[in-house]
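Here is a short report on one protein model.

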Amino acid sequence: MAGAKNHDYHILAPDIWPFAGALSALVFTTGMVMFMHSDGEAFPEGAWYVVLGLGIAGLIATFWGWFSKIINEAHAGDHTPVVQLHMRYGMILFILSEVMFFVGWFWSFFDFALFPAPLEMIAEGTWQNLIGQEGAAMLATFPPEGLHVIDAFDLPLINTLILLCSGTTVTWAHHSLINGDREGLKMGLWATIALGVLFTSIQAYEYLEAPFGFGGNTYSSAFYMATGFHGFHVLVGTIFLIVCLRRAYLGHFTPRQHFGFEAAAWYWHFVDVVWLFLFITVYVWGGWGAEVH
């Protein structure tokens, strides 16, 4: 029969959401640029609020509309085993791209730590035009007086245990789903979400009480960028799991077809592994021998 489907692939119909997502991303990044230059006269005062708000609203609408269509496609039977396999490939490639993103921050941290600028060059004023007289004076008498690092075996260790526990609870939820235990799925997701929120709250408190600010030196810059982006990924992963919890209550997942939850679990385990590397390198090794606070 002409036009009959004789393959296992899902051919997508024309849709407005990819264009809406690209446009919203453009508006969002434009708003961020306006925010970064909001202290000058390049843009009208307060205009970045409007542009950034429109961009965020557009992205949220895109996520809601696009993902809702994907869920409807799954319920309609369009996600055949071949389609699910390729979706898994896509998620794996996405996580690998995120791995390389964090590799960049680890690379910069090790570059700062293993190949620092010679202090005698700073003391002689070679770099004084780059970091200012006050910065040159501080670094010439390294370590600067009053500089502390965060004790790795205080709040960071607690957060490490929290994330490790969350990895076990999301695995509990996954195995419960595979074995048809929907109550275990819900309880595991609730526990993982609670642990994710607790981790974020502790990290926010750690930032408020940190003995150094952002950009004061290479260590603090690398510390905030690496841990801050990880914290953002924890937030995204928590939202991901909240969506899965809502879908679990709606009865969307089955033991044979639950890629949405599987992707969230993979992402959460990735967040766990990145934190272990951050804890060992930035907190433990990076603060080794320094005065802690």
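Are Tyr-219 and Phe-223 buried or exposed? Both residues are buried. The model is a predicted one. Tyr-219 and Phe-223 sit four residues apart in helix H8, about one turn of the helix. An α-helix has 3.6 residues a turn, so residues three or four places apart point the same way.

**Aromatic pairs**

The count of aromatic pairs comes to 29. One of them joins Trp-105 and Phe-229, which are stacked, with 5.6 Å between centres and 20° between planes. Trp-105 belongs to helix H3 (residues 81–114) and Phe-229 to helix H8 (residues 218–249), so this pair ties together parts that are 124 residues apart in sequence. Trp-105 is partly exposed, at a relative accessible area of 24%. Phe-229 is also partly exposed, at 29%. Tyr-219 and Phe-223 form a stacked aromatic pair too, with centres 6.1 Å apart and planes at 25°.

**Helix H3**

How far apart are the end C-alpha atoms of H3? They are 48 Å apart. At 1.5 Å a residue, the 34 residues of H3 should span 50 Å, which agrees. The buried residues of H3 include Val-83, Met-91, Ile-95 and Phe-102. Gln-84 and Glu-98 are also among them. The buried residues of H3 pack against H8 and against helix H9 (259–285).

**The core**

The largest nonpolar core holds 48 residues. Which residues have the most contacts inside it? They are Leu-185, Leu-189, Phe-223 and Phe-261. At least two residues of this core come from each of H3, helix H6 (155–178), helix H7 (182–209), H8 and H9. H9 gives the largest share, 16 residues.

Leu-185 shows such packing in detail. Neighbours within four places in sequence are set aside here. Leu-185 then contacts Ala-173, Ser-176, Leu-177, Ala-248, Phe-253 and Phe-261. Phe-223 links two topics of this report: Phe-223 is among the residues with the most contacts inside the core, and Phe-223 stacks with Tyr-219.

**Salt bridges**

How many salt bridges does the structure hold? There are three.

| Salt bridge | N to O distance |
|---|---|
| Asp-15 and Lys-69 | 3.2 Å |
| Arg-88 and Glu-262 | 2.8 Å |
| Glu-183 and Lys-186 | 3.7 Å |

Asp-15 and Lys-69 link distant parts of the chain, 54 residues apart. Asp-15 lies in the segment before helix H1 (17–36), and Lys-69 lies in helix H2 (residues 47–75). Asp-15 is partly exposed, with a relative accessible area of 30%. Lys-69 counts as partly exposed, at 35% relative accessibility.

Arg-88 and Glu-262 also join distant parts of the chain. Arg-88 is in H3 and Glu-262 is in H9, 174 residues apart. Is Glu-262 buried or exposed? At 11% relative accessibility, Glu-262 counts as buried.

Glu-183 and Lys-186 both lie in helix H7. They are three residues apart, about one turn of the helix. Lys-186 counts as buried, at 14% relative accessibility.

Definitions and conventions
Residues numbered from 1 in each chain as written. Predicted model: local features only at pLDDT ≥ 70, side-chain atom pairs only at ≥ 80, totals over all residues. Heavy atoms only, no water. Phe/Tyr/Trp six-rings, centres within 6.5 Å; stacked < 30°, edge-to-face > 60°. Buried < 20%, exposed > 50% of the residue type's maximum accessible area, 1.4 Å probe, protein only. Expected span 1.5 Å × (residues − 1). Contact = heavy atoms within 4.5 Å. Core = buried A, V, L, I, M, F, W, Y, C linked by side-chain atoms within 4.5 Å. Salt bridge = Lys/Arg side-chain N within 4 Å of Asp/Glu carboxyl O.
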